[in-house]
Amino acid sequence: MGVTDVLIVGAGPTGLVLACDLARRGAAVRIVDRSPVPPRTSRAKGPNARSLEILDDLGVAEEVLAAGSAPLPMLKYRDRLPVAETDPWADSAPSPDAPYDRGGLIAQWRLEEILRDRLAGYGVHVELGREVTGLAEGPGGRHVDVAFAEGRTERARYVVGCDGAHSSVRKLLGIGFEGTTAEDQVMVCGDVDLADGALDRTRWHQWFDEDGAVMLCPIPGTRTGWWFQAGPERDGRGRPLAPTAGGFRRLLARHTGLPGRALTRAELLSTYRVNVRMADRFRAGRAFLAGDAAHVHAVAGGLGMNTGIQDAFNLGWKLGLVLAGHAGPELLDTYEEERLPVAARTLDLTSERLRATLEAIRRPGGGLDAAITPDTTGLGVGYRWSSLARGLAEAPKAEDGSPEAPHAEAPKAGDGSTATPDAEVRTARDGERPAPRPGDRAPDAPCVDAATGARTRLHRVFAGPRTTVLGFGPGSAAVLREVAAAYGDAGVRTCRVYAAHEDRATSAPGEAVVDDEGHATAAYGRGASDGTSTSTVVVVRPDHHLGLSAPAADARSVHAYLHRLHGAARSAERFSGIGGRRR
């Protein structure tokens with residue numbers, strides 16, 4: 001029986017992002033889905049700013065943006081009359097450290113189509129009509145035997161359940177899914193067609209009345225398609241009725257004043273109830289949970305699909321390094337260590353945004369813009385508490401020179417904390433930005449390729465399945481040379497960041513960029529980089545989060561950090577003379 005490296009169960013955005021990330025690393029990955037055909041659903045309305053950065057790293061952001069549209073202004077009505085218009089992004093603009101200041105609108109089926117095409121480019125195709133019915137750990141705990149409904153059993157080194165809120169993988173693992181369902185918070189949803197010209201397609205229309213609501217947002221890439229959301233019709237006892245095309249027409253006529261016949265098609269009808277639930281663990285041996293299989297929450301803020309995409313991006317590089325034999329299997333423990341607290345915080349955040357939205361729509365002019373805050377961009381999510389976040393000034397050292405203690409306690413559900421303190425969330429609306437700390441998202445910055453003179457960005461330097469070591473200041477060149485010699489074949493790239501006025505006669509290995517406008521230096525808090533400031537080395541994880549920031553004289557700590565992710569250096573003694581720190 002052949003062994004697959006990773007079997008992904010569920011081919012929604014979470015599973016597809018994970019499959020793409022693993023496939024480009026050369027892992028033997030397979031992805032299965034119980035649906036006999038790719039589902040044509042547009043449930044999630046699109047990636048947020050942080051997810052766009054991830055899609056950019058995977059090479060599909062431009063295609064996603066071209067297939068979708070920018071977020072639309074919201075036109076609010078009361079008693080069928082327009083009363084207010086709000087553009088939640090009117091005061092936002094791209095910044096050097098965050099070129100995506102907002103998300104995009106795209107039907108989920110179209111996003112999945114783009115990701116499937118990307119995955120097919122690696123020779124991997126979704127295996128449809130395959131339902132997982134059993135999981136069993138193999139002898140010695142070296143693999144998982146996966147049983148399928150058609151009677152076959154297949155073997156994988158790791159299994160990841162990305163199969164939604166009703167996850168079969170989670171149930172087979174016996175993992176709890178605790179939380180609540182708000183039976184009184186009900187919404188009916190569907191994709192509809194409206195008669196051409198019935199409504200302005202440059203607006204997201206929202207009717208909020210005392211006896212109900214209708215929301216209609218145009219689906220990008222269609223001429224007459226709309227996302228339809230509404231408060232349900234109810235029977236004589238006040239119980240919500242199941243959605244039907246006729247019911248949608250009656251709701252449309254009642255709240256909008258448009259004739260019911262203006263709605264010419266209604267499909268993918270569903271009833272949504274607010275569920276706030278989270279798995280009590282994200283890992284059981286060689287099996288993992290990601291996306292809705294691990295956590296579900298209120299739709300306010302649009303974080304459902306996005307949190308799943310970000311789960312996948314956190315897990316993919318860790319599985320890749322372990323499968324390649326660089327990192328030990330204990331690296332996989334950091335997936336739950338980092339993502340479970342983020343999920344807990346997301347449950348709190350979306351519940352709070354739902355409360356704010358329900359309060360806002362009671363007043364004429366209130367609408368879904370109440371759900372949008374800087375937190376919902378995803379750009380402020382970080383892992384300062386993680387054992388992979390090492391700030392040398394703050395973390396004590398073990399005997400081997402590696403740091404021991406994480407920076408901060410992880411946020412917990414219900415405590416109102418954020419992964420990055422609110423005062424330090426970096427958004428386009430902030431002024432001065434504090435220097436990022438280990439665990440934080442690595443800022444972007446425009447710069448110039450030192451070899452070609454072409455414009456580029458730091459996130460383009462980071463792109464692809466590698467760890468990046470940045471060197472600021474002349475003193476970093478020696479460390480970069482040692483890193484390139486020791487880890488250049490193990491998935492580590494080096495990049496020297498030169499100040500505009502800095503002498504580039506002494507070259508460093510790997511890539512080099514010129515910080516011609518000073519944005520990289522400012523973003524990473526590296527001072528002037530003029531030779532008088534401290535030369536610094538920054539390790540950026542493959543998921544664009546800072547792992548370590550160290551003075552160039554402390555090459556031992558750089559080595560210790562890279563050793564954890566990429567195994568023993570080709571020649572560990574290469575580091576012994578840097579900075580005079582010998583054991």
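Which two helices have axes that come within 8 Å and cross at roughly 25 degrees? Before selecting them, note that this is a predicted model, in which local features need pLDDT of at least 70 and side-chain atom pairs count only at pLDDT 80 or more, while totals for chains, interfaces and linings use all residues. Residues are numbered from 1 along each chain as its sequence is written, and side-chain values use heavy atoms, with hydrogens and water left out.

Of its 583 residues, 57% count as buried, meaning under 20% relative accessible area with a 1.4 Å probe, protein chains only.

Next, select residues 13-24, helix H1, together with residues 304-323, helix H7; these are the two helices whose axes come within 8 Å and cross at roughly 25 degrees (axes are lines fitted to C-alpha atoms over the stretch in contact, with angles from 0 to 180 degrees between N-to-C directions). H1 and H7 are therefore roughly parallel to each other, a term for angles under 35 degrees.

Now show the side chains where H1 and H7 meet: Val-17, Leu-18 and Leu-22 are among the H1 residues in contact, and the H7 residues include Ile-309, Phe-313 and Trp-317, contact being heavy atoms within 4.5 Å.

Finally, select Cys-20, which is buried with a relative accessible area of 1%, and then Cys-162, which counts as buried at 9%. The structure holds 0 disulfides, a disulfide being a pair of cysteine sulfur atoms within 2.5 Å.

Methods
Buried < 20%, exposed > 50% of the residue type's maximum accessible area, 1.4 Å probe, protein only. Helix = DSSP H or I, 4+ residues; strand = E, 2+ residues; numbered from the N terminus. Parallel < 35°, antiparallel > 145°, perpendicular 65-115°, else oblique.
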